[in-house]
Amino acid sequence: MIAPEGRFGSDIADPELAEAGLARIAWAERAMPVLGLLREECASKQPFAGRSIAACLHITAETAILAGVLTAGGGRVHLAASNPLSTQDDIAAALASQPGVFVNARTGVDRDTYYAHLHRTLDGAPDLVVDDGGDLVNTLHAERPELLPAVVGGCESTSTGVARLRRMAAAGSLAFPVVAADVSVTRRMFDNGYGTSQSVIDGLLRATNILLAGKTVVVAGYGSSGSAIAERAAGLGAQVIITEVDPVRALDAIMRGHRVLPMAEAAPAGDVFITATGSRDVITGEHLAAMRDGAVLANAGHFDVEIDVRALADLAVQVNRGIRPHADEYVLASGSRLILLADGRVVNLIAAEGNPAAVMDLSFAAQALALMWLISGEAALPAGVHPMPTAIDTEVARLTLAAHGTRIDELTAAQREYLASWRDGS
Amino acid sequence: MAAEPVPYKVADLSLAEFGRNEIRLAQHEMPGLMALREEFAGSRPLANARITGSLHMTIQTAVLIETLAALGAQVRWASCNIFSTQDHAAAAVVVGPDGTPDDPRGVPVFAWKGETPEEYWWCTEQALTWPDELGPNMLLDDGGDATLLVHKGAEVEAAGLVPEGSDDDPEEWRVILGVLRDSLAADPLKWTKIAGQILGVTEETTTGVHRLYEMAKEGTLRFPAINVNDSVTKSKFDNKYGCRHSLIDGINRATDTLIGGKMAVICGYGDVGKGCAESLRGQRARVIITEIDPICALQAAMDGYQVSRLEDVIDEADIFVTATGNRHIITAEHMSRMKHQAIVGNIGHFDNEIDISGLGRLPGIRRNTIKPQVDEWIFPDGHSIIVLSEGRLLNLGNATGHPSFVMSSSFTNQVLAQIELFTRTDQYPLGVHVLPKQLDERVARLHLDALGVRLTELSKEQAAYIGVPVEGPYKPDHYRY
């Protein structure tokens, strides 16, 4: 399928779905006033005029609105999916129907197609890259080094991707500056804290319809996502058990009234297991073998390596796929039936709709502002991973408050002076 | 009456000014009682009532006592717990708003913090012993001790002798038998006469209500009773919200231990246990419930608490609170297995939930009093536990009990119940009654303004649609709130 503008094309499941996708994008737009404000600004200032932006993101309505901001600013956007299961085909079709947007994403593609899509995205010869998990930047460096000199910079959304990029930078392999969007205050607060936690519970409920009150929910990892998932599970009446490797986070969990156990001890106690560590092999075959009949397994981390799905398959004497959408039942030799959600992939995106639009509004607004800053030349950053500038964080919060109609106080001159002074004491 | 000196026994009348200041602050937080004073200032429905009260002699109770007096009643008071009296409150009530420590003009009170069991029952007897052989004609009870003394007294007088106590009896029972032995010798019909004059009792708490129903079932109840405890605006408010407030207040004042991150066991998940669990969870303790009732146990589980047996968590938890209304919940053996410096306290009405006397009998155990109502018990192996208020209700022993606002709700029920029983005696035959729902709703109404609550009113059509009067009552009697 070749788009009107010539050599770039889209590869999507079904162009007929565009109308349905556009309706969903219009719905999401209502909850994304900050990107709305930025789109107006971009339309008048044209910061991306003539620029190419390669983006590897979950193909959702929210991503579509970010793409709309970039194209409104004069950019050409090449999109690939950052996860083969998270692509919403109607959104992909809707995006592909828009001028200046090229989409290579179909739900459920195999690994080869997934990487082929990344290459087609890079064919756009990007000035800027937007990544979610680090696959695009990695492929760009490893397999398309000829494109590197033109790249001004990029953004990475997830902690997993940022960690990968840091390792690349440490090895001297990262060729351009990347703004780490995972550590911005607004992102931590809204995306992990409010968005992921809500949508993980949403995914769990949609996939299983389980009553959480009275259940024991084991949350592996007490980072910004895990702690918020724990809080929500407790809010629904579950008992929460936390597993951690970091003593500071474990202490925080304890002080918030959760029980902290090693996974080996949590495994036989839990009704529901949610991994949110960013690490691998968090739930192993040994743990799986110890679990109760009916235990539900879900992963909220970016990659599908937190639950050892292969070990689960090895332990199983029978697998009943699709007992509900996104729920597979693994029957162990002991007779225990374990329910794996979304193949152990990120459950909030697959079994639910990912972060609510209002959360992604802030996250993507910060990234759009970071891209504007990078392309303006004002950033002048060396190659490497850079934190989201505080000024952008503050601007996102300011725009969000403006969109909500919330007014706040301003420091007076006397207050500013007082806060800047070291002479006043008791 | 002003010429008669006010009889009393309290700790120190010079505390009256402090007590009066606190009463003044409490009045603002007790809008229900103050509204009743205003409403009944002219009609004085309790004129000629002689009310003996046995109820924790706190600042809030002082506002209750003075409300009863403002409605025309004569009042005599004792506390219903040896540790719960606030001495400045007792002093202020005796001195009264118009008196001075040198010329007290208030209400007779027999109560001080830290009574011995002998002193406690002496105080209860004084509150029941009115001048000129007139007894009380109304009782206002909390836990049922005044009711019990009158009933046991009359029973003993009918039998003509006091039973011999045995060594297996609780110490307290032997004290009561002693009181009855003395009174039988002095006046063989004292309690029979008192019982005969009493029109009824209004009972404040679960434990006392339980006793009343038992007596009614056995046919030994001598006068009608109103169960104030089971007014919704009492048990669902005082028990739950009051304990939610005062449990951690007691633990904090006693120990100043950080509650966040600790493992706490609440024994019992009734109204009190629910409030306690929420209180400790709010401080981010990990709360574990023990229960014998499958309904309450399931409720606890659905509220997200771990429900375990005490034996299974006894060596793990940091804080233990009993809220069962039952006896022998935490035994000496349990306590010997607790973690070093585990905190043990009771918020149930009586001190029999935790076996303190059994603890004291363990060979080689030592008691080290850290401060009043906080004892460290050191086991022979060197590890120790911290027992609050000697196993008596710690929210009163270690803190100041329920806050005024919650008590206003409870005590407004008490005053309405006293008015009902005293002025509409014939409507309440021998037995145990609850207040009509309309009065319960009225108590709630009287507290809405103070919290800025704007109530929505049913339209006539809406009221007709659900089949209730516009002005209430809104719920059927079996509704559980």
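Biologist: How many nonpolar, polar and charged residues does the lining of the second largest pocket have?

Modeller: The lining has 13 nonpolar, 23 polar and nine charged residues (Ala, Val, Leu, Ile, Met, Phe, Trp, Tyr, Cys and Pro count as nonpolar, Asp, Glu, Lys and Arg as charged, the others, Gly among them, as polar). This is a predicted model, in which local features need pLDDT of at least 70 and side-chain atom pairs pLDDT 80 or more, while totals for chains, interfaces and linings use all residues. Residues are numbered from 1 along each chain as its sequence is written, chains are lettered from A and ligands numbered from 1 in the order written, and side-chain values use heavy atoms, without hydrogens and water.

Biologist: How much space lies in this pocket, and which residues are closest to its centre?

Modeller: A pocket is an open set of points on a 1 Å grid over the protein atoms alone, where a 1.4 Å probe fits, with protein on both sides within 12 Å along at least five of seven lines; lining residues have an atom within 4 Å of a point. Here the space is about 910 Å³, filled by probe spheres set on points joined across faces, edges and corners. Of its 45 lining residues, A:Thr160, A:Ser225, A:Ala300, A:Gly301 and A:His302 are the closest to the centre. The largest share of the lining, five residues, comes from α8(A) (helices are DSSP runs of H or I, at least four residues, and strands of E, at least two, numbered from the N terminus).

Biologist: What area is buried between chain A and chain B?

Modeller: The size of an interface is often given as the accessible area lost when the parts come together. For this pair the value is about 1000 Å², with 55% from carbon and sulfur atoms (1.4 Å probe, summed over both parts). A:Gln239, A:Met255 and A:Arg259 supply 44% of the area that chain A buries against chain B, more than any other three residues. Twelve residues of chain A are in contact with 13 of chain B (heavy atoms within 4.5 Å).

Key:
Buried area is the accessible area (1.4 Å probe) that two parts lose on being put together, summed over both.
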